[in-house]
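Okay, everyone, thanks for coming. Let me put today's model on the screen, and then I'll walk you through it.

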Amino acid sequence: ITKKKLLFQMNDFQVFLNINLINHKINLFIVNQKNKSIFSKNLNFPNELSSEFSILDSLDLILKDLILEIETKMKLQLTKINLMVEQEYSKSIDISIRENFENKYIEKKNVEYLIQILRQEITKYNLDKKIIHILVKRCVADGEEYNNVPIGNKCKNFVVDLSFVYLPKIFMQKIEILLENHQISINKTICTNYAKSLLDSDFE
């Protein structure tokens, strides 16, 4: 590929690799800067594969063919992807934070600090899990409920309900190693089950 003239550069498009563990399927699609699809490929894993890890073994062979097809047809070199994983049951740790703001303004940096401290505690006691998303499900400021963090509001009592979405760490490590063997790094990991419900939040 290094000897060929590339039609696209990495900053011209985004690559999404969706691994569907429910239906044993894989979908790879590429979109340009205008979010228009410029490549899409759907493939099925062999039916006899039942576990996450047997699927990963098969994925290695599938990726070899996919990469060759993309580099040949589109003359581009894949170096980075957005990984999407769809599993039977979405897994999350739900928790609430209560803080006394002493009638001060709710600032983004203060809420980020609270969430970061909580994330560190969850990670500390859940070494087998890798947090993928942090969802702000609900906020309550002095008894008034909000769907998003009410930055700039004053309040005394502040409560935020959070959902820490995770994937098994060992599964993620194996995917990362597999992709690295193909000289591909992960830009962002998305739990497909939650994709439609993700809030447009700075804390994701």
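**Walking through the fold**

So, reading along the sequence, the protein chain goes β-β-β-α-β-β-α-β-β-β-α-β-α. That comes to four helices and nine strands, where helices (H or I, at least four residues) and strands (E, at least two) are DSSP runs numbered from the N terminus.

Quick housekeeping. This is a predicted model, where local features need pLDDT of at least 70, side-chain atom pairs count only at pLDDT 80 or more, and totals for chains, interfaces and linings use all residues. Residues are numbered from 1 along each chain as its sequence is written, and side-chain values use heavy atoms, with hydrogens and water left out.

Now some overall numbers. Of the 204 residues in the protein chain, 42% are buried, and buried here means under 20% relative accessible area, with a 1.4 Å probe and protein chains only. Contact means heavy atoms within 4.5 Å. Of the contacts in the chain with a separation of 6 or more, 70% are between residues 24 or more positions apart.

Let's turn to the sheet. Which strands form it, and in what order? It's an open sheet of four strands, β5-β8-β6-β7, with antiparallel pairing; two strands pair if DSSP finds at least two bridges between them. β5 and β7 (144–146) stand at the edges with a single partner strand each, so one side of each has no neighbour in the sheet. Ignoring direction, neighbouring strands here are turned by 30° against each other on average. For angles in general, axes are lines fitted to C-alpha atoms, for helices over the stretch in contact, and angles run from 0 to 180 degrees between N-to-C directions.

Have a look at β8, residues 154–168. Twelve of its 15 residues are buried, so this strand is largely enclosed by the rest of the structure. With β5 (residues 92–105), β8 pairs antiparallel over eleven bridges, and K104 has C155 in β8 as its bridge partner. Eleven bridges also join β8 to β6 (residues 129–141), again antiparallel. On that side, H133 stands opposite V165, and K130 stands opposite L167.

What about helices on this sheet? Helix α2 (residues 108–125) lies across β5, β6 and β8, running at about 150° to β5. α3 packs on the sheet too, touching β6 and β8, and its direction makes about 60° with that of β8.

Next, the cores. A nonpolar core is a set of buried Ala, Val, Leu, Ile, Met, Phe, Trp, Tyr and Cys residues joined through side-chain atoms within 4.5 Å. The largest one has 32 residues, and L17, I19, L28, I30, L59, L78 and L179 touch the most other members. At least two residues each come from β1 (13–20), β2 (25–32), α1 (52–74), β4 (80–86) and α3 (169–180). The largest share, nine residues, is from α1. Take L179: leaving aside neighbours within four places in sequence, it contacts L17, L63, I81, I184 and I186. Apart from that core lies another, of 19 residues, including I106, I131, A141 and F158.

Terms used: Buried < 20%, exposed > 50% of the residue type's maximum accessible area, 1.4 Å probe, protein only.
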